[in-house]
Amino acid sequence: MKHIALIPAAGSGSRMASATPKQYLDLAGKPLIWHTLSALAKVAELDRIVVVISREDEWWDSFDWREFKYLEVLRCGGASRAESVLNGLQALQAAVDDWVLVHDAARPCLDPALVSQMIVVLADHPVGGILAVPVADTLKLAQLGQQIVHTHPRDGLWQAQTPQMFRVAQLAQALATGMGPDITDEASALEKLGLQPKLVMGSPWNLKVTYPQDLRLAELILAAREV
Ligand code: CTP
Ligand code: MG
């Protein structure tokens with residue numbers, strides 16, 4: 001049974017407000033997604049690394065990816081993250097019970113050791129699971145005008161990260177049947193089928209680069225890891 005990393009990288013990065021999609025923006029001298037791939041390439045348990053890019057992608061081919069020996073690229077991105085992942089799963093040619101670890105291209109500070117840990121923790125799990133961190137801040141529910149309605153208890157609340165690790169066929173089925181705006185990660189598709197993925201402790205350093213200021217933060221995290 002194989003472990004396959006699947007990296008959705010077909011987004012346009014609208015919140016980043018940059019003409020170049022954020023996965024190709026410069027981060028410490030390399031395109032952002034290079035760091036994501038570099039982290040995954042260090043995970044010995046992974047058998048394949050597969051990137052899903054947009055059919056119209058004009059940037060991928062302008063970089064040299066030869067140092068990543070096992071990299072596969074699929075030009076089958078969809079209109080939403082979930083569609084990109086589903087298209088990727090359908091094009092993968094994997095065995096039904098292979099594990100797929102879906103990881104956002106936009107999380108370049110992933111610690112390879114956390115991926116190895118989640119593979120060990122979930123090895124015998126019937127469903128699979130995700131990296132996540134417990135919510136640290138006090139949560140407020142707001143109404144129009146930024147008025148607080150109430151404080152939402154944070155007990156038991158976690159922030160989902162990636163990788164999210166599931167069986168190839170089960171995840172494809174969950175995404176195909178559950179597809180909709182409420183499916184914002186892989187786990188939510190499995191939950192919709194009544195299944196209970198496991199939470200595996202992630203790290204606050206595994207941030208998703210979303211807004212312009214996140215690039216600087218990612219750069220600082222990568223630099224801190226090097227010393
Ligand atoms: N993604 C994708 N296909 C899409 C949308 C998103 O493969 N149609 C990928 C992005 O490239 C990113 C990951 O899913 O690596 C997480 O999505 P997000 O951070 O939301 O990226 P974008 O959708 O590109 O950004 P935004 O929502 O600000 O437009
Ligand atoms: Mg998005």
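At 1% relative accessibility, Glu186 counts as buried (under 20% relative accessible area; exposed is over 50%, and partly exposed lies in between, with a 1.4 Å probe and protein chains only). The model is predicted, so local features need pLDDT of at least 70 and side-chain atom pairs count only at pLDDT 80 or more, while totals for chains, interfaces and linings use all residues. Residues are numbered from 1 along each chain as its sequence is written, chains are lettered from A and ligands numbered from 1 in the order in which they are written, and side-chain values use heavy atoms, with hydrogens and water left out.

Glu186 forms a salt bridge with Arg81. The closest N and O atoms of this pair are 2.6 Å apart. A salt bridge here is a side-chain nitrogen of Lys or Arg within 4 Å of a carboxyl oxygen of Asp or Glu. Arg81 lies in helix H2 (residues 81-91) and Glu186 in helix H5, so the pair ties together parts that are 105 residues apart in sequence. Helices (H or I, at least four residues) and strands (E, at least two) are DSSP runs, numbered from the N terminus. Arg81 is partly exposed, at 27% relative accessibility.

By the salt-bridge rule the count comes to 8. Another of these bridges joins Asp182 and Lys192, with closest N and O atoms 3.1 Å apart. Asp182 sits in the loop between H4 and H5, and Lys192 in helix H5, so this bridge ties together parts 10 residues apart in sequence. Asp182 is partly exposed at 45% relative accessibility. Lys192 is also partly exposed, with a relative accessible area of 46%. A further bridge links Arg216 to Glu219, at 2.8 Å between the closest N and O atoms. Both residues lie in helix H6 (residues 212-226), 3 residues apart, about one turn of the helix. Glu219 counts as partly exposed, at 31% relative accessibility. Salt bridges that share partners join Arg81, Asp104, Arg107 and Glu186 into one network.

Asp185 is placed in the loop between helix H4 (168-178) and helix H5 (186-192). Asp185 is buried yet has no salt bridge. The nearest side chain of opposite charge, Arg81, is 6.7 Å away. The side chain of Asp185 instead makes a polar contact with the side chain of Gln164, at 3.0 Å. A polar contact is a pair of N or O atoms within 3.5 Å; within protein, one must be able to donate a hydrogen and the other to accept it, and residues adjacent in sequence count only if both atoms are side-chain atoms. Leaving aside neighbours within four places in sequence, Asp185 is in contact (heavy atoms within 4.5 Å) with Arg81, Ile130, Ala160 and Gln164.

Met179 is found in the H4-H5 loop as well. Met179 is partly exposed, with a relative accessible area of 31%. Not counting residues up to four places away in sequence, Met179 touches Ser80, Ala82, Glu83, Leu86 and Ala174. The C-alpha atoms of Met179 and Ala189 are separated by 7.5 Å, and the two residues are 10 apart along the chain.

An open sheet is formed by 7 strands, in the order E5-E4-E1-E6-E10-E7-E11, with mixed pairing. Two strands pair if DSSP finds at least two bridges between them. Strand E5 (71-75) and strand E11 (198-201) are the edge strands, and each pairs on one side only. The twist averages 30° from one strand to the next. Axes are lines fitted to C-alpha atoms, for helices over the stretch in contact, and angles run from 0 to 180 degrees between N-to-C directions. Strand E1 (residues 3-8) pairs with strand E6 (residues 99-102) in the parallel sense over 4 bridges. Ile4 stands opposite Val100 in E6. H4 packs on the sheet, touching E6 and strand E10 (158-167), and its direction makes about 120° with that of E10.

Some backbone features complete the description. A cis peptide bond joins Thr162 and Pro163, with omega about 10°. Pro163 lies in strand E10. Ala28, a residue other than glycine, has a positive phi near 50°. Ala28 is in the loop between strand E2 (26-27) and strand E3 (30-31). Gln93 is not a glycine either, yet has a positive phi of about 60°. Gln93 lies in the loop between H2 and E6 and counts as exposed at 73% relative accessibility.

Conventions
Lys and Arg count as positive and Asp and Glu as negative; His and the chain ends are not counted.
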